[in-house]
Each structure stands twice: as C-alpha cells, then as structure tokens.
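Please look over the sequence and the structure shown here before reading on. The paragraphs that follow lead from the chain as a whole to particular residues.

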Amino acid sequence: LNLLGCTTLSHPKILAAKLALCIYFGKEPLPWRPGRALMQKRNLGKSLGMPLILCTAAMALPAQTFTTLETFNGTNGSGPAYISLMQGFNGNLYGTTLAGGAEGDGTVFTISRTDAFTSLTGDLNGGQQPLSGLVLSPAGEFYGTTYFGGPHGAGEVFKMSANGAVTALYGFCPSPGTNCQDGENPVGGLVLATNGDLYGTTTFGGANNNGVVFKLTPSGVYT
C-alpha cells in the first residue's frame, strides 16, 4: 500500500491502546473498505477527501492500580451479574443487584468514585430481580426493569429518583393465566430514545409466547 504518513493518537480517556492513523494515497483499490472522512480545516489547515485507515497498535500500558470499592454481603445486595453502571449527573455511579436487600429481591445502589456506597432501596415497589442496569433521563431520573414481581408477577418497569424514591410505571401481563400479549419477564434493559420514550424487550409473552419489543412513555403508557 502507498501510505502518506502515519502517526499515533492518544487521549487521556483511552487507556487500553493508542491508535495509529494512516492516510492512504494510492490508486489501486484497497483490500478492505476503510471509512471515508473529511479532515476538518481546524485540524489540517485544509480539507482532504481521502480514505483514512484507523488501526490499533499494541503498546505497553503504564502500571494500573486495582481498587475494590465495595463488597456485597447480601444485606447491601447480591449478584450484580448482568449490569453495567450508569453515571448520574451528580457524578455518582448507579447500579442494581438481582438479589439481596431487605426483601431479598434485589437492590438499587449508588457509589461515589471515592468509595462512598449507599444501598438506595431494597424494596422496588413490588418488583423483583432487576436483571439489567439503569438508564438516565435528561431530567435526572433513572428507569429500569425487574424480571419478576410487579402488580401481576410478570415483571415491571420502574422509575427512580436520584435519592432512591421508586415508582412502578408498568406491570406486565395484566391478565395472568393467558398468553400475555404485552410480554412478560423483561430482561434486556431499556433504551431511552431521543423522543423521551422507553424501548425494551421481554423474554416471554406476545402472540407466540416468544417475547415482544415494547415502547413505554415516561408516564407509563404502553404501546
């Protein structure tokens, strides 16, 4: 390949690798399709329209320090198995555990980046086993799901304030004993769309009892 210069890029937030940026300047077709981009004038002084090749380069990392911030003991939660942490507007991290807490049905917790841990709630307003993490709205409210519990026992969508006040928004399968058309047992977490609606999936229910994709407004209206 004919290459016009290569350079390495680094960023303080990129810890695992540095990036090598190469500009292809040949006439023959490339054996793969690199992304095409225009380098902005503020970067190079003029715009260049040409293929850019972005590849990772293995480099030695500086020494890393591992710190255990909190150990779960059942009372403060148990089994944060399927979640990723969500950072709130206050800088703290929020997450869920699928078991433990006051009722043994899971918890929502927050932890600061300096190790101040708080179990916000061990009572999810009837919900049980929050198997996924939380999403954060622009208003600073968190939304999540529980696999079991809720008013009909088939799981629920809940809303939580930053200080841990939980409100049940929607309970799945309002007609137990039937093939729940609205779905049951949500497990995959929620996506907050740009229009403010929440989207998610359920494990079971629907016309074929193989799960559904659902939409829920922030006020709890199901579609």
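**A guided reading of the predicted model**

The average pLDDT of the protein chain is 78, and 71% of the residues score at least 70; pLDDT is the predictor's confidence in each residue, from 0 to 100. Residues 1–27 have a pLDDT below 50, and this stretch has 57 contacts in the model beyond near neighbours in sequence, a contact being heavy atoms within 4.5 Å. Residues 30–56 also have a pLDDT below 50, with 46 contacts in the model beyond near neighbours in sequence.

Some conventions apply throughout. This is a predicted model, in which local features need a pLDDT of at least 70 and side-chain atom pairs count only at pLDDT 80 or more, while totals for chains, interfaces and linings use all residues. Residues are numbered from 1 along each chain as its sequence is written, and side-chain values use heavy atoms, with hydrogens and water left out.

The protein chain contains one helix and 17 strands; helices (H or I, at least four residues) and strands (E, at least two) are DSSP runs, numbered from the N terminus. Of the 223 residues in the protein chain, 38% are buried. Here buried means under 20% relative accessible area, exposed over 50%, and partly exposed in between (1.4 Å probe, protein chains only). Among contacts between residues at least 6 apart in sequence, 38% join residues at least 24 apart.

Four of them form an open sheet in the order β10-β11-β13-β14, with antiparallel pairing; two strands pair if DSSP finds at least two bridges between them. The edge strands of this sheet are β10 and β14, each of which pairs on one side only. Between β13 and β14 the antiparallel pairing runs over five bridges. Glu156 stands opposite Gly171 in β14, and Lys159 has Thr167 in β14 as its bridge partner. Together β13 and β14 form a hairpin with five residues between them, and Gly164 in the turn has a positive phi of about 100 degrees.

Which residue forms a salt bridge with Lys159? The partner is Glu141, and the closest N and O atoms are 3.8 Å apart. A salt bridge is a side-chain nitrogen of Lys or Arg within 4 Å of a carboxyl oxygen of Asp or Glu, and the structure holds one. Lys159 counts as partly exposed because its relative accessibility is 21%, and Glu141, at 27%, counts as partly exposed.

Aromatic rings provide a further set of links. The whole structure has 10 aromatic pairs; rings of Phe, Tyr and Trp (its six-membered ring) pair if their centres lie within 6.5 Å, and planes under 30 degrees apart count as stacked, over 60 as edge-to-face and the rest as tilted. Tyr147 and Phe148 form an edge-to-face pair, at 4.7 Å centre to centre and with 85 degrees between the planes. Tyr147 is buried because its relative accessibility is 15%, whereas Phe148, at 33%, counts as partly exposed.

The rings of Phe172 and Tyr222 have centres 6.5 Å apart and planes at 90 degrees, so this pair is edge-to-face. The pair links distant parts of the chain, 50 residues apart: Phe172 is in the loop between β14 (166–171) and β15 (184–192), and Tyr222 is in the segment after β17 (213–216). Phe172 is buried, with a relative accessibility of 0%, whereas Tyr222 is partly exposed, with a relative accessible area of 24%. Ring pairs join Phe172 and Tyr222 with Tyr170 and Phe214 into a cluster.

How many disulfides does a search of the whole structure find? The search finds one, a disulfide being a pair of cysteine sulfur atoms within 2.5 Å. Cys173 and Cys180 form this link, with their sulfur atoms 1.7 Å apart. The angle about the S-S bond is -50 degrees, and the link is left-handed. Both Cys173 and Cys180 are buried.

Thr67 counts as exposed because its relative accessibility is 51%. The C-alpha atoms of Thr67 and Asp115 are separated by 9.5 Å, and the two residues are 48 residues apart along the chain.
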